[in-house]
Amino acid sequence: MNVDYVQHRVFQDPPQELDETWVSGVLIGGVASPYDDVALAHAYLRAAASLVDQALDSKQPYELAFPIFYL
């Protein structure tokens, strides 16, 4: 598989103009995090289900097997 990887900073300060319309990233931790244990588990379940759908639609589902198992 030939994938071009682009490096982005994962951890960076939020922009100064941050308001409720901002959709260019994710804030995690502190009061910004909407996740309790159950919501976190559901987020992993949704991610796994999405990957299962992609794997079933692809011609090479084995490429997504380990990420699915991890989730």
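A residue counts as exposed when its relative accessible area is over 50%. With that in hand, here are some close-up views of this predicted model.

**View 1. Phe69 and Phe66 at the surface of the predicted model.** Phe69 has a relative accessible area of 64%, so this residue is exposed.

**View 2. The one aromatic pair of the structure.** Take a look at how the two rings meet: the centres of the Phe66 and Phe69 rings are 6.3 Å apart and the planes stand at 85°, so the pair is edge-to-face. Both residues belong to helix α2, which spans residues 65–70. Because Phe66 and Phe69 are three residues apart in that helix, about one helical turn separates them.

**View 3. The largest pocket and its lining.** The volume of this pocket is about 360 Å³. One part of the lining comes from Val10, Phe11, Gln12, Asp13, Pro14 and Pro15, and Trp22, Ser24, Gly25, Val26, Leu27 and Ile28 line the pocket as well. Sorted by class, eight of the lining residues are nonpolar, three are polar and one is charged.

**View 4. Pro15 and Gly25, two residues of the pocket lining.** Pro15 sits in the segment that precedes helix α1 (37–57). Its relative accessible area is 26%, which lies between the 20% and 50% cut-offs, so Pro15 is partly exposed. Follow the chain from Pro15 to Gly25 and you cover ten residues in sequence, while the C-alpha atoms of the two are 10.0 Å apart in space.

Definitions and conventions: Residues numbered from 1 in each chain as written. Predicted model: local features only at pLDDT ≥ 70, side-chain atom pairs only at ≥ 80, totals over all residues. Heavy atoms only, no water. Phe/Tyr/Trp six-rings, centres within 6.5 Å; stacked < 30°, edge-to-face > 60°. Helix = DSSP H or I, 4+ residues; strand = E, 2+ residues; numbered from the N terminus. Buried < 20%, exposed > 50% of the residue type's maximum accessible area, 1.4 Å probe, protein only. 1 Å grid on protein atoms, 1.4 Å probe; cavity = no way out; pocket = protein on both sides within 12 Å on 5 of 7 lines; lining within 4 Å. Points joined across faces, edges and corners; volume = space filled by probe spheres on them. Nonpolar A, V, L, I, M, F, W, Y, C, P; charged D, E, K, R; others polar.
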